[in-house]
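Here is a short briefing for a first look. Please keep the sequence and the structure open as you read.

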Amino acid sequence: MKKIISLTNVFVKEFYQNLAIFDKEKKKFNKKSMFFWLIAIVFFGITYVSYEVITFLVNVGQPEIFLNLYFFILTMLLLFQVILVCANIFFFAKDIEKVLPMPIKPVELLLAKLNTLLCMLYISEGIFGLVPLTLYGLLTNVSFVFYFWEILILAVFPILLAVTVTTFLLIIMRFAKFIRNKDVFQLLITVILIIMVCFIEMQAFNGVFSIETNDQALEQFSSFSQKVEQVGKYFLIINPSIAVLTNLSNATAIVSFFKLIFYNVVGVCIFFIIGKITYLKDILRNIVSYTDKKRKKIQVEKNTKYLSKGKSYVKKEFKMLIREPIFFMQCVFPVIIILVTVILLILVLVPVIEQVMQDETIRNTMEGLSFNAEVVCDILIVLQVLFSISSISLTAISREGKNATFIKCIPIELYKQFLYKNVPQIILNLIVSVVVLGMIWYFVPTIPVLYLFLIFIISVFINLINSYLMLIVDLRRPNLDWDTEYSVVKKSDNKLFQYVWMIINVLLLMYIGKIFKDVDILINLISEMIIFAIIFIIIDRGIKKWQKKLFNKVI
Amino acid sequence: MIEIKNVSKSYKKGEKVINNINLEIKDGEIFGFLGPNGAGKTTTIKMMTGILDIDEGDILVDGKSIVENPIEAKKQIGFVSDNPDMFLKLKGIEYLNFIADIYEIKKEIRDKRIVELTKEFGIYEVLNDKIQSYSHGMRQKIIIVSVLLHNPKNWILDEPLTGLDPEAAFHLKNKMKQHAKDNNAVFFSTHILEIAEKLCDKIGIIHHGKLIFVGTQEEMRKKVKENASLEELFMEITKRNEENN
């Protein structure tokens, strides 16, 4: 047991590195740590949103709906987290090779790895899950028993999710006979697991939205609650958890809790049986097969091609980003997931929207809505928020690690390298803009294409400003001394600057929307374009002027 | 030719890690840069290659200032760093092709040189593999090949022989000799005094950020101790400097 705890401790520390959120000497939170503030902002944001939602639901007399929404969102959040990290934790982490020569039993290693995964999920629960549920208790004036059950439920909740995904992973690894390319395989597993979850999610939502309703608002909420409960059927642990928290002191709560425990015990048993048979063999096979691959003969002339410095540099940036699965999954994947989820949700919701639009009153109201500055502002805010998800530019220097000095050794102007390093982020954001504006064009064809084109141009400037500013942040606060790729993104407290800039720009856009409210839409769009173009040019000139100073932390 | 003129550097105000260094590495010369750990070797090399800013003084590479005209100066340098773990996700051939693009080497020339050099260093067969699958020595070799690819006049090598197998070390030493013979400059740092003894035309010893000796081994023997090995001379000269401080 002691061994398992020590191993878990080492693995968790190795994964998170030193975040310095808590000052052990002073025994209080380290307010100098950017992470402290990052968590504080997220904490505050979640508290605010939860407060608004719960108050609204209490006012309409349907507070229980919150629990349905809460557990569904928490399940999704934890599931995606498990999927993104489990392959790495169980099979591809660098610590495995260091631990294998030690006298540790496979079961101990398996348990320590599961504990590591659970620790991460508990940290996520602590940040995202604890406050909303406690707030629900406070705002609905429930008895003290609620908080007792809350702790128990949160402690038990992630276990089944973790063991289910990991068991799937263990099975996939068993059937994957040849792991020629570890990176591609890791990515493939993640994609397979995400597709599985998305499929279940789609099935669940199809069930929800296929039921027709034309009732009034309150009744709609009530039926919505029932529909979300149907979603819970697809995830065994949701409904018993809700049942415990809604039937606090009667027998249903205890029965539901034991149901929950039963599911978990079964899940853990299956995980252990499969893990015991396969885990160690598959780790060893993975390590051996990785070094045992056959070499392809090379023909140099066919593998070389003359490219300009810029093109070659950008190509290298893309390769380095895409070929490292951790960087890809942390920097690019979240944007893809969000875009795909939004598209899927819209596709599911289209029949519902069409049905709603058949109602004459609603149709008249929709047609009466004008396309004004505030709508432009809303679209740009959505784009700005989406631009803030990816950390490609924010980690462009840190990802290089100790090799970053290469930037300074080669005969290419630092300003040009700054531009090249921004290209992947700019392209990803351009795709986001095109997808979002394309969807708007498809679903709201009444908006003239010229307006959408002008919004696209404005979004290009916002995109450039975002990418440039984030790269400046990374240049001024680079994390070059890292051991594991995970720590580049996880340890990067620079994310705080991305959120701060997002808030500033959202406020700026809201202000612009307000002052241009009554102005002609074309003048509004052109003015916004000029404003953001000027901001961009100022930043660009500044970078060119102070390029040497900007790169002076890359040593 | 590399000229280091009155160069100083401090990381903290008032604490100079490099104190007014003057050096000249002439064409046709192999210059060995020696010194204990933390003496300032890497800092000096980082300033020579443009990685670190220079606080005072200047460094000229073939007459081009690394401060005023860094791009032109860098074109004249081939630098092998002490960390060979570079671009691990690229295949060997992709890395060499990228370097060839950066230095604008024509396709015919790059193809010929890649084949020649990789065969010479015994890494031709692994060019299609990702660098992350290479051993430490092989990574070191591909970095050396990438530097030789654009045939720079001035080589700056930071601990270049660490991790190399005897055959590759032999080839590299021969390359260094040949490069100097072709009237180019070779500057390298090392901890292995036997290599410096056999290879260098001139030696520089840095200690506590100050250049305490520059000259040939003969000059050092005359100054310090007759018939002594480089190891003995090095120990003696650093000991004296320690006592003087």
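What is the mean pLDDT of chain B, and what share of its residues reach 70 or more? The mean is 90, and 100% of the residues of chain B reach 70 or more. This is a predicted model. It scores ipTM 0.93 and pTM 0.79.

**Chain A overall**

- Chain A has 555 residues, and 32% of them count as buried.
- Its secondary structure comes to 22 helices and 2 strands.
- Take the contacts in chain A between residues at least 6 apart in sequence: 83% of these join residues at least 24 apart.

**A helix pair in chain A**

- Two packed helices are described by the angle between their axes and the distance between the axes.
- Helix α3 (residues 64-92) of chain A packs against helix α6 (residues 145-175) of chain A at an angle of about 45 degrees. Their axes are 9 Å apart.
- That angle makes α3(A) oblique to α6(A).
- The crossing of α3(A) past α6(A) is right-handed.
- From α3(A), the contact is made by A:T75, A:L78, A:L79, A:V82, A:I83, A:C86, A:A87, A:F90 and A:F91.
- From α6(A) come A:P158, A:L161, A:A162, A:V165, A:T166, A:L169 and A:M173.
- By class, the residues of this contact between α3(A) and α6(A) are 14 nonpolar, 2 polar and no charged.

**Where chain B meets chain A**

- In this interface, 32 residues of chain B are in contact with 29 residues of chain A.
- On the side of chain B that touches chain A, helices α2 (70-75), α3 (92-102) and α4 (107-120) of chain B each supply at least two residues.
- That side of chain B has 14 nonpolar, 6 polar and 12 charged residues.

**Positive phi in chain B**

- Most residues other than glycine have a negative phi.
- Which value does phi of B:N20 take? It is near 50 degrees, a positive value in a residue other than glycine.
- B:N20 sits in strand β2 (residues 15-25) of chain B.
- With 14 other C-beta atoms within 10 Å, B:N20 is partly exposed.
- B:E159 is not a glycine, yet it has a positive phi of about 50 degrees.
- B:E159 lies in the loop between β7 (154-158) and α6 (166-181) of chain B.
- Is B:E159 buried or partly exposed? B:E159 has 19 other C-beta atoms within 10 Å, so it is partly exposed. A buried residue has 20 or more.

Technical notes:
Residues numbered from 1 in each chain as written. Chains lettered and ligands numbered in written order. Predicted model: local features only at pLDDT ≥ 70, side-chain atom pairs only at ≥ 80, totals over all residues. Helix = DSSP H or I, 4+ residues; strand = E, 2+ residues; numbered from the N terminus. Buried ≥ 20, exposed ≤ 12 C-beta atoms within 10 Å, placed from the backbone. Contact = placed C-beta atoms within 7 Å. Nonpolar A, V, L, I, M, F, W, Y, C, P; charged D, E, K, R; others polar. pLDDT = per-residue confidence, 0-100. Axes fitted to C-alpha atoms, helices over the stretch in contact; angles between N-to-C directions. Parallel < 35°, antiparallel > 145°, perpendicular 65-115°, else oblique. Left-handed = near helix turned anticlockwise from the far one by under 90°.
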